[in-house]
Amino acid sequence: MIDYDQIVKSFRSCGITDGSVLMLHSDALGLSQLSESLSREEKFHIFFDAMQEVVGVNGTLILPTFSYSVTKGEVYDANKTSSDVGLLSNYFMKLPGVHRTQDPMFSVAVRGRFTKNFLEADFSDCFGENSIFGVLHRMNSFICGMGCGLDAFTYLHYVEQLNKVVYRTFKNFSGSVNIDGVTNDIKLKYFVRAADEGTNLDTKNLLMYMKKNRHINISTLGRVPIYVSTAENLVAASKNLLKNDPYALVQLRVK
């Protein structure tokens with residue numbers, strides 16, 4: 001069984017401190033290790049109180065609330081559209097002080113000192129330098145997976161675009177975003193993977209490289225692993241691997 005103090009201790013042991021900017025990918029199953037007497041909402045409440053202590057009053061916590069609304073032909077509304085990436089993100093984005101970006105594909109929910117930086121990010125290029133992923137890079141934020149590995153780090157698609165990987169290409173989309181009751185037509189471009197078999201992320205080599213070069217911190221929360229790296233270390237490690245193998249981040253390998 002885990003508790004509030006263990007949550008704080010586990011994340012702190014990965015180098016996250018007061019003032020950190022942290023993007024968290026998570027599996028809510030990890031919180032099943034909190035007391036069985038607690039309701040699901042009580043467990044979520046304890047978790048986010050603990051995470052607030054981890055990043056402190058000067059820190060910023062970010063959770064993905066991706067909806068992929070454009071690809072589904074839906075009008076995106078930051079106040080109404082559900083997150084497609086888990087229970088925790090849907091809970092977090094409704095908490096006091098949390099704001100959600102207007103990105104109809106890869107929106108995030110943010111709370112903390114640098115919220116404005118993410119709210120002002122551009123979504124016309126999903127993984128471009130001015131997207132929320134570019135903001136994460138410029139701030140050298142921590143990227144974290146709780147109960148999920150590097151394959152869950154959407155930030156790696158930003159890294160792929162930065163390195164112009166050969167198995168992805170730009171595709172243009174049109175859609176609609178509702179802001180304060182007014183629906184606006186938008187266009188964006190998305191660096192999509194080829195439909196070829198084998199272009200899904202495969203980060204075994206990346207993880208091995210980052211462990212060897214101490215570019216990643218790994219801890220546990222009870223039975224659940226926690227992986228934490230900085231945005232810059234993910235870029236540097238991926239760049240080194242891609243120099244020798246253009247398919248280093250996916251299932252395909254050069255024979």
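Contact means heavy atoms within 4.5 Å. This is a predicted model, in which local features need pLDDT of at least 70 and side-chain atom pairs count only at pLDDT 80 or more, while totals for chains, interfaces and linings use all residues. Residues are numbered from 1 along each chain as its sequence is written, and side-chain values use heavy atoms, with hydrogens and water left out.

**Exercise 1. The cores**

Task: Find which residues have the most contacts inside the largest nonpolar core.

Solution. 
- Step 1. A nonpolar core is a set of buried Ala, Val, Leu, Ile, Met, Phe, Trp, Tyr and Cys residues joined through side-chain atoms within 4.5 Å. Buried means under 20% relative accessible area, exposed over 50%, partly exposed in between (1.4 Å probe, protein chains only).
- Step 2. Read off the residues. The largest core has 51 residues, and Met-23, Phe-133, Leu-136, Tyr-155 and Tyr-190 have the most contacts inside it.
- Step 3. Name the main contributor. Helix α8 gives the most to this core, with six residues. Helices (H or I, at least four residues) and strands (E, at least two) are DSSP runs, numbered from the N terminus.
- Step 4. Look around Met-23. Neighbours within four places in sequence are left aside; the contacts of Met-23 then include Ile-62, Pro-64, Phe-66, Val-108 and Phe-133.
- Step 5. Note the other core. A second, separate core of 32 residues includes Leu-22, Phe-44, Phe-47 and Ala-50.

**Exercise 2. Aromatic rings**

Task: Decide whether the pair Phe-48 and Tyr-91 is stacked or edge-to-face. Do likewise for Phe-106 and Tyr-190.

Solution. 
- Step 1. Recall the rule. Rings of Phe, Tyr and Trp (its six-membered ring) pair if their centres lie within 6.5 Å; planes under 30 degrees apart are stacked, over 60 edge-to-face, the rest tilted. The structure holds 17 aromatic pairs.
- Step 2. Take Phe-48 and Tyr-91. The centres are 6.0 Å apart and the planes make 10°, so this pair is stacked. Phe-48 sits in helix α2 and Tyr-91 in helix α3, 43 residues apart. Phe-48 is buried, at 2% relative accessible area.
- Step 3. Take Phe-106 and Tyr-190. Their centres are 5.5 Å apart and their planes make 75°, so the pair is edge-to-face. Phe-106 lies in the loop between β4 and β5, Tyr-190 in strand β8, 84 residues apart. Both count as buried: Phe-106 at 3%, Tyr-190 at 17%.
- Step 4. Widen the view. Phe-106 and Tyr-190 belong to one aromatic cluster, with Phe-66, Tyr-68, Phe-127, Phe-133 and Phe-173.

**Exercise 3. A covered helix**

Task: State how many residues of helix α6 are buried.

Solution. 
- Step 1. Count. Seven of the eight residues are buried, among them Tyr-155, His-157 and Glu-160.
- Step 2. Find the cover. It includes α5, β6, β7, β8, α7 and α8.
- Step 3. Lys-164 follows α6, with a positive phi near 50°.
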